[in-house]
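I opened this entry to keep a record of what I looked up, beginning with the ligand and its surroundings and then turning to one strand.

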Amino acid sequence: MFVKLIILGPPGVGKGTYSTRLSKLLGIVKISTGDILREEVRKGSKLGRLVEKHLKEGTLVPDDIMVRIVEKRIRKAGSKGFILDGFPRTLEQAQALDKIVKIDAIIYLSMDEEILIERLLRRRVRKRCGAVYNVTDIRKVVNGVEYIFPPLLSQRRRICDLCGGPLVRREDDEPEVIRRRLKIYKRLSKPIINYYKTRGVPFIEICVNREPSIIVDRIVYRLKELNLI
Ligand code: ADP
């Protein structure tokens, strides 16, 4: 039986990057609710039309819709193991998840808000294939932590390395929407974190202050320590 993980953290911390890398490395399924919803909007499905406004404005899609989507994906993953990215986002979602499956560990990523905003404003994505790039070059100390992020550029400027399509800013990476997403995250993440801590679910807390390969090594080390992989 493979490992069942949740990746938690504020918008912009790199949940998408880490869940993608870990799913490949560990051979488990990545279940990203943001990606699932964006794909539905792109296809123009009934669900897509229902959630479009929430995505654009950075507000949350109702819990019952999200729980149904995730439950289906977890069933589909079967015994393969999975990493949940973007879910649970509310205490209600965490409680509903408990009834579906037992989680082995939470990977909790943190980053100073000043760095988060800087990175979100300069993130560029390829809508169709989901690739993410970033033009920020960060080297600074914030609240005693040294952050070093060289830019993650595509080889040909503003064109995706994977599919050759144009790179754009994600619709919800606008300053006002970023602030709203961070505010929602701050309010809702605390009860979720407390919920898992009181239930004794192993917590892997990692400060994301370096590039992905270094952070992935830190996560893998902690998963091994816990005998989960
Ligand atoms: P980020 O973490 O960068 O804000 P995501 O890609 O995880 O972005 O999610 C994008 C949007 O999709 C959210 O702002 C919200 O509208 C919707 N969404 C994703 N996951 C959930 C969820 N578990 N519950 C409610 N809404 C969600």
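For the class counts I took Ala, Val, Leu, Ile, Met, Phe, Trp, Tyr, Cys and Pro as nonpolar, Asp, Glu, Lys and Arg as charged, and the others, Gly among them, as polar. With these classes, in what is a predicted model, I found that the shell around the ligand has 7 nonpolar, 7 polar and 6 charged residues.

Entry on the ligand. I counted 20 residues around the ligand, and noted Thr33, Arg38, Thr59, Gly86 and Arg181 as the closest. For valine 61, a backbone N or O atom lies 3.1 Å from a nitrogen atom of the ligand. I then checked the cover: of the 550 Å² of accessible area that the ligand has on its own, the protein covers 96%. Helix 2 (33–43) and helix 3 (46–57) are the elements that give two or more residues to the shell, and helix 2 provides the largest share, 4 residues.

Entry on strand 1. I looked up its residues, 4–8, and because 5 of the 5 are buried, I noted strand 1 as largely enclosed by the rest of the structure. Lys4, Ile6 and Leu8 are buried on one side, and Leu5 and Ile7 are buried on the other. Strand 1 runs parallel to strand 3 (residues 82–85), joined by 4 bridges, with leucine 84 as the bridge partner of isoleucine 6. Strand 1 also pairs with strand 4 (residues 105–110) in the parallel sense over 4 bridges, where leucine 5 stands opposite alanine 105.

Note on methods: Residues numbered from 1 in each chain as written. Predicted model: local features only at pLDDT ≥ 70, side-chain atom pairs only at ≥ 80, totals over all residues. Heavy atoms only, no water. Buried < 20%, exposed > 50% of the residue type's maximum accessible area, 1.4 Å probe, protein only. Pairing = 2+ DSSP bridges. Near = heavy atom within 4 Å. Polar contact = N/O pair within 3.5 Å; in protein donor to acceptor, adjacent residues only side chain to side chain. Areas by Shrake-Rupley, 256 points an atom, 1.4 Å probe, with all protein chains shown as cover.
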